[in-house]
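Here is a short briefing on one model. Please look over the sequence and the structure before reading on.

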Amino acid sequence: MEKNTEKDNLRQVIMDAAWELFYEKGYESTTVNDIIKRAGTSKGGFYYYFKAKDELLNSLYAFFDREYEKFYATMDKNLNSLLKLRMLGQYVSYFIEGNVSPEFLCALYKSQLSSQTQKNFLSPDRYYIKLVKKIIEEGQKKGEIRDDISVETLAHHVLVIERGIFIDWCVQAGGFSLGYFGAQSFEFYSEFLKPQNKS
């Protein structure tokens, strides 16, 4: 049991080392040897968990989710569901802007072309995706979010709009404040999420 914990810890150490290097040097400029050196492990230790650098990039979605989970834990659960979505989206935007370079985010999105990556970054089992759905579902039950469209469809719209803003930020090489623009954009699509007047 202790050995499994040590192995899990090594995987996390490698992921944390890679994250730091991708941020410091950029994804393209970081080599597997750089990651091995920063993590203080061997090639065998690295390749036990990851077949290549691309696969490691693919696994870093877990780093994002850890941060989003910590943020949500501090949120007042009695807030209006639309406000929760806005605060979460704003946090995500500012977190990405402050911790991820446009080049790195581009590499992450480029990796989505692989079906293996789809199982991770875009997986419906991801914490962040499940959290967005949870907030929308709670909002529908409380009458704070429209219920004439399914949770799945509304969550899909929210996530696609968010990703679109992130991709635009990548294309413009970080030429605008992702956090500020993300918050402003929510004002527009929150109107779509509000309960619709039934005549």
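What should the 16 residues of helix H11 (residues 178-193) span at 1.5 Å a residue, and how far apart are its end C-alpha atoms? They should span 22 Å, and the end C-alpha atoms of H11 are 22 Å apart, which agrees. The expected span is 1.5 Å times one less than the number of residues. This is a predicted model: local features need pLDDT of at least 70, side-chain atom pairs count only at pLDDT 80 or more, and totals for chains, interfaces and linings use all residues. Residues are numbered from 1 along each chain as its sequence is written, and side-chain values use heavy atoms, with hydrogens and water left out.

**Helix H11**
- Helices are DSSP runs (H or I, at least four residues), numbered from the N terminus.
- H11 bends by about 35° at Glu187; the bend is the angle between axes fitted to the seven residues ending there and the seven starting there.
- Buried residues of H11 include Leu178, Phe186, Tyr189 and Leu193.
- Buried means under 20% relative accessible area, exposed over 50%, partly exposed in between (1.4 Å probe, protein chains only).
- Helix H6 (81-99) and H10 are among the elements covering the buried residues of H11.

**Nonpolar core**
- The largest nonpolar core has 60 residues, of which Phe64, Leu88, Ile96, Leu105, Val132 and Ile136 touch the most other members.
- Helix H10 (residues 151-171) gives the most to this core, with 9 residues.
- Such a core is a set of buried Ala, Val, Leu, Ile, Met, Phe, Trp, Tyr and Cys residues joined through side-chain atoms within 4.5 Å.
- Beyond its neighbours within four places in sequence, Leu88 is in contact (heavy atoms within 4.5 Å) with Phe71, Met75, Tyr128, Leu131, Val132 and Ile135.

**Aromatic pairs**
- The whole structure holds 20 aromatic pairs.
- Phe64 and Phe95 are edge-to-face, because their ring centres are 6.3 Å apart and their planes at 80°.
- This pair links helix H5 to helix H6, 31 residues apart.
- Tyr91 and Phe95 are stacked, at 6.0 Å centre to centre and 20° between the planes.
- Rings of Phe, Tyr and Trp (its six-membered ring) pair if their centres lie within 6.5 Å; planes under 30 degrees apart count as stacked, over 60 as edge-to-face and the rest as tilted.

**Cysteines**
- The count is 0 disulfides, a disulfide being a pair of cysteine sulfur atoms within 2.5 Å.
- The sulfur of Cys106 is 3.6 Å from that of Cys170, its closest cysteine sulfur, so too far for a bond.
- Cys106 is partly exposed at 35%, whereas Cys170 is buried at 9%.

Technical notes: Helices (H or I, at least four residues) and strands (E, at least two) are DSSP runs, numbered from the N terminus.
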